[in-house]
2 protein chains.
Amino acid sequence: MLNSYSTADKVLLAVDCIIFGFDHEGLKILLIKRDFEPEKGKWSLIGGFLKKEEVLDSAALRILESYTGLQDIYMEQLHAYSDIDRDPVERTISVAYYALINIENHNAEMIQNYDPQWFKVADAPKLIFDHDSMLRHAIRRLRYRTSIKPVGFELLPEKFTMRQLLELYESILDKELDKRNFISKINSLDILVKLDEKDMQSSRKGSYLYTFDKEKYDAKLLNDFVLNL
Amino acid sequence: MLNSYSTADKVLLAVDCIIFGFDHEGLKILLIKRDFEPEKGKWSLIGGFLKKEEVLDSAALRILESYTGLQDIYMEQLHAYSDIDRDPVERTISVAYYALINIENHNAEMIQNYDPQWFKVADAPKLIFDHDSMLRHAIRRLRYRTSIKPVGFELLPEKFTMRQLLELYESILDKELDKRNFISKINSLDILVKLDEKDMQSSRKGSYLYTFDKEKYDAKLLNDFVLNL
DNA sequence: TTCGAAAAGTGTAAAATCTACATTAATAAA
DNA sequence: TTTATTAATGTAGATTTTACACTTTTCGAA
């Protein structure tokens, strides 16, 4: 019978995580050397299997934490991948999630206790299975997301310069942006607070530091807008 | 062990289809009375279980065809739903797909041999499980899609009037559009061919019929744009 | 102390796009 | 031939987007 629960096939359900980070070198992606067969030792997204009593969103969080120690990361579902032979061992459907995190905040502990590595998106090694394709889709989604939601809160340090924000957008969109136009567009979003404090690392003159106005930022997360950069 | 294939749980994987159609009454959604327990007799999206040797995309096509006879329908994956108790019988993860189809082209055969029914989106009955939530997401996705890809080829008859196209967009976006602005924006997409033929049903004067320029339409499907309606 | 180097900060004019809006045209039916 | 009905059409003003260059600040070197 077509729709009998009892005769329907059951399958393994995996979750793979595309974790984006950002630092002075640009947009990065977090990868691990796979620690079990098949493809042991090859570069891979962080992944694992869904447990029966678990929701996908939670599985993504659990799996991310188990490989990185990272907690309370906001992830979004990307897509379900189901090619028959995507996993050579056994039929496995994988649901991919992606997240944005601040590298500096998390890196020390993570590198100490686990073994993930950051790669510049452009320099990422070949990945196992269909993970390259997942990564490509995630980048596309991130670019799109950038055009309708604010980005940066999760990726930048608490205090940051306008230049850092500009470089974040440039590295996500992979194109140069006009500095003055960018600043006025970002300012028109009204999500930044200019501090009375300068960062003196980057120049003699020093550049003002900003933070996000969390409330306004979150409000913008809910209501899509068009940001034409 | 965390990532052992042999100890990982297997789950049922369902596919549910949100089928959008359009006719003179507006945007519609195709539903069936569920023909098996639980919730037998209640309104439901068209759905079924993934088979082990099947890709999700194909499962969506197979399931749609089994309930409607519809073939060669282009569907897009929407989201994977995994609430623990979303299906009361057994843990089931469902991947939702959505599609756009032309009601008039397909209706006769479908209604004859199967028992699905069209509902105006606004008048849809309460659905089983989390199908209401799937439908809401699909509508949101369709609206978004409408702002970055052309819509209509799959939903309108071969030849259609500008008014029909306008009403399609209005019913998807659920708002009134300015006729003249709409026409000039659509024309600027350069995807329509104006025919030397009028539809005399709707008025004394008659209104010109259009078709889509399939090539240009398809090209626009690939490259996103912003259509500010 | 002055000078040079390096990045920060700032404004505008022209072009493009978006919006709001009303009249005339064509035809069939009465 | 008149009337009723819907189709078709254009523009001016407002808004947004784009392209673009010079001045400011301060540290460190001469």
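Reader: Where does A:Pro150 lie?
Author: A:Pro150 lies in the loop between H3 and strand E8 (160-161) of chain A. Helices (H or I, at least four residues) and strands (E, at least two) are DSSP runs, numbered from the N terminus.

Reader: Is A:Pro150 buried or exposed?
Author: A:Pro150 counts as buried, at 0% relative accessibility. Buried means under 20% relative accessible area, exposed over 50%, and partly exposed in between (1.4 Å probe, protein chains only).

Reader: How far apart are A:Pro150 and A:Leu221 in sequence and in space?
Author: A:Pro150 and A:Leu221 are separated by 71 residues in sequence, and their C-alpha atoms are 6.5 Å apart in space.

Reader: What kind of model is this, and how is it numbered?
Author: This is a predicted model, in which local features need pLDDT of at least 70, side-chain atom pairs count only at pLDDT 80 or more, and totals for chains, interfaces and linings use all residues. Residues are numbered from 1 along each chain as its sequence is written, chains are lettered from A and ligands numbered from 1 in the order in which they are written, and side-chain values use heavy atoms, with hydrogens and water left out.

Reader: What is the mean pLDDT of chain A?
Author: The mean for chain A is 94, and 99% of its residues reach 70 or more. Here pLDDT is the predictor's confidence in each residue, from 0 to 100.

Reader: How many helices and strands does chain A have?
Author: Chain A has six helices and ten strands. Its C-alpha atoms fill a box of roughly 70 × 40 × 30 Å along the principal axes, and buried residues make up 50% of its 229 residues.

Reader: Turning to charges, how many salt bridges are there over all chains?
Author: A search of the whole structure finds 30 salt bridges. A salt bridge is a side-chain nitrogen of Lys or Arg within 4 Å of a carboxyl oxygen of Asp or Glu.

Reader: Which residue does A:Arg62 pair with?
Author: A:Arg62 forms a salt bridge with A:Glu54, and the closest N and O atoms are 2.5 Å apart. A:Arg62 counts as partly exposed at 21% relative accessibility, whereas A:Glu54 counts as buried at 10%.

Reader: And in chain B, what does B:Arg86 meet?
Author: The side chain of B:Arg86 meets that of B:Asp130 in a salt bridge (2.7 Å, N to O). This pair links distant parts of the chain, 44 residues apart: B:Asp130 is in the loop between strand E7 (116-120) and helix H3 (131-148) of chain B, and B:Arg86 is in the loop between E5 and strand E6 (92-102) of chain B. B:Asp130 counts as buried at 14% relative accessibility, and B:Arg86 is buried with a relative accessible area of 6%.

Reader: Which residues form the network in chain A?
Author: A:Asp16, A:Arg86 and A:Asp130 are linked in a network of salt bridges.

Reader: What about B:Lys159?
Author: B:Lys159 forms a salt bridge with B:Glu197, with 3.0 Å between the closest N and O atoms. B:Lys159 lies in the loop between H3 and strand E8 (160-161) of chain B and B:Glu197 in strand E9 (residues 192-199) of chain B, so the pair ties together parts that are 38 residues apart in sequence. B:Lys159 counts as partly exposed at 36% relative accessibility, and B:Glu197 is partly exposed at 34%.

Reader: A change of topic: which peptide bond in chain A is cis?
Author: A cis peptide bond joins A:Glu37 and A:Pro38, with omega about -5°. A:Pro38 is found in the loop between strand E2 (26-33) and strand E3 (43-44) of chain A.

Reader: What is phi of A:Phe129?
Author: Phi of A:Phe129 is near 50°, a positive value in a residue other than glycine. A:Phe129 lies in the loop between strand E7 (116-120) and helix H3 (131-148) of chain A.
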